[in-house]
Amino acid sequence: MTTDDSFTALLEYMETDLSFATSHYNDSYLDRRITARIRRTRCDDYDEYFDLLQSDPDEQAALLDSMSINVTGFFRNPGVWDGIRDVLRTLSSTTDRLEIWSAACADGREPYSLSMLAHDDPRIDESAVRILATDISEDALEVARNGVYEESRTTDIEGELDYLSNPDRYVEYDSTAETYRVRDSVKERVTFERHDLINGGPKSGFNLVTCRNLFIYIDTEYKRTMLETIARSLRPDGYLVIGKSETIPPALKSEFSATDNRHRIYERT
Ligand SMILES: C[S@@+](CC[C@H](N)C(=O)[O-])C[C@H]1O[C@@H](n2cnc3c(N)ncnc32)[C@H](O)[C@@H]1O
């Protein structure tokens, strides 16, 4: 088989036998993840890896695990949060109910950052803020609802919270367990719910939607479906924030106009 045929056969196997919707993701992302597993298992090529995958349930689990795109953080890309702060200030001065949807919220650190920012900035009325946070992954949502985050070799929670001048107001540190617990005042502004941005349909009435760092993995066709869902969920003049390295596809350029290009912030037209 050619490398292309082997790659396609592997994706078909993942789709049918492992029930992973490969068709939603772009090929270069899938290729990077599979190549990493090929290297890790010391296989020579796709064919050898495919044989291993079919015969080894542990490798099936490891491959699916490596596909999960759950990287996140409090105040991820801090510069962008200055742009989000400006949007929240503007909305706070023009509306008395500020509805935010954190779509693809992963383990909750993004919606909790929104809530912390609303509490922290005197020009944002936190009592007007309601945040709906959704993700396709029930596991991620369980961690999110719990609101306890572990410091580890790879996760620098203290560093992530540096965006705030006084993070202790919003998290409680347990030095024995090395965990940070999000305080109730922050949690009570956020509701978590499972929602699939490809098949889940639109919501309504949001002033701001954040949907960051998901489109980079998604096939163009589905990216368009997701952005249509978001556009229909926003109020006229509502704002959208996407990831720093993401773009709005040309077919949807008429739905959104950039208000802050550098921080990927758009207004619904
Ligand atoms: C890389 S994380 C981004 C988290 C956060 N927005 C951020 O920027 O830090 C991507 C998240 O998208 C979620 N996801 C993947 N496919 C999805 C879909 N079809 N609908 C909703 N969420 C999805 C994953 O479960 C994961 O938690």
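The model is predicted: local features need pLDDT of at least 70, side-chain atom pairs count only at pLDDT 80 or more, and totals for chains, interfaces and linings use all residues. Residues are numbered from 1 along each chain as its sequence is written, and side-chain values use heavy atoms, with hydrogens and water left out.

I begin with the helices. Helices and strands are DSSP runs numbered from the N terminus, a helix being H or I with at least four residues and a strand E with at least two. The expected span of a helix is 1.5 Å times one less than its number of residues. Helix H1 covers residues 3–16, and its 14 residues should span 20 Å at 1.5 Å a residue. The end C-alpha atoms of H1 are 20 Å apart, in agreement with that expectation.

Which residues of H1 are buried? They are Ser6, Phe7, Ala9, Leu10, Leu11, Tyr13 and Met14. Here buried means under 20% relative accessible area, exposed means over 50%, and partly exposed lies in between, with a 1.4 Å probe and protein chains only. An α-helix has 3.6 residues a turn, so residues three or four places apart point the same way. The buried residues of H1 pack against helix H2 (27–40), helix H3 (46–55) and helix H4 (57–67), where contact means heavy atoms within 4.5 Å.

Helix H10, residues 220–233, also has 14 residues. From first C-alpha to last, H10 reaches 20 Å, close to the 20 Å expected at 1.5 Å a residue. Its buried residues are Tyr222, Lys223, Met226, Leu227, Thr229, Ile230, Ala231 and Ser233. What do these buried residues of H10 pack against? Their partners are strands: S1 (98–103), S7 (206–211), S8 (234–242), S9 (256–260) and S10 (265–268).

I turn now to the ligand. It is surrounded by 19 residues, the closest being Thr72, Ala104, Asp135, Leu197 and Asn213; a residue counts as near when one of its heavy atoms lies within 4 Å. By class, this shell has ten nonpolar, four polar and five charged residues. In that scheme Ala, Val, Leu, Ile, Met, Phe, Trp, Tyr, Cys and Pro are nonpolar, Asp, Glu, Lys and Arg are charged, and the others, Gly among them, are polar.

A polar side-chain atom of Thr72 lies 2.5 Å from a ligand oxygen atom. For Asp196, a polar side-chain atom is 3.0 Å from a nitrogen atom of the ligand. An N or O atom in the side chain of Asn213 is 2.8 Å from an oxygen atom of the ligand. Taken alone the ligand exposes 600 Å², and the protein buries 96% of that.

Ser102 is found in strand S1 and is buried, with a relative accessible area of 0%. Leaving aside residues up to four places away in sequence, Ser102 touches Glu110, Pro111, Leu114, Ile131, Leu132, Ala133, Thr134 and Thr210. Between Ser102 and Asp135 there are 33 residues of sequence separation and 8.7 Å in space, C-alpha to C-alpha. Thr179 is found in strand S5, residues 179–182, and is buried at 13% relative accessible area. With the same exclusion of residues up to four places away in sequence, Thr179 touches Val148, Tyr149, Glu150, Glu172, Tyr173 and Asp174.

Most residues other than glycine have a negative phi, and most peptide bonds are trans. Ser19, in the loop between H1 and H2, has a positive phi near 55 degrees. At 63% relative accessibility, Ser19 counts as exposed. Arg264, in the loop between S9 and S10, has a positive phi of about 55 degrees although it is not a glycine.

Asn70 is in the loop between H4 and helix H5 (78–94) and is partly exposed at 48% relative accessibility. The C-alpha atoms of Asn70 and Ser137, 67 residues apart along the chain, are separated by 9.3 Å. Pro78 lies in helix H5 and, at 45% relative accessibility, is partly exposed. From Pro78 to Asp162, 84 residues apart along the chain, the C-alpha separation is 9.2 Å. Ser175, in the loop between strand S4 (171–174) and S5, is exposed at 55% relative accessibility.

Notes: A polar contact is a pair of N or O atoms within 3.5 Å; within protein, one must be able to donate a hydrogen and the other to accept it, and residues adjacent in sequence count only if both atoms are side-chain atoms. Accessible areas come from the Shrake-Rupley method with a 1.4 Å probe; for residues, only the protein chains shown count as cover.
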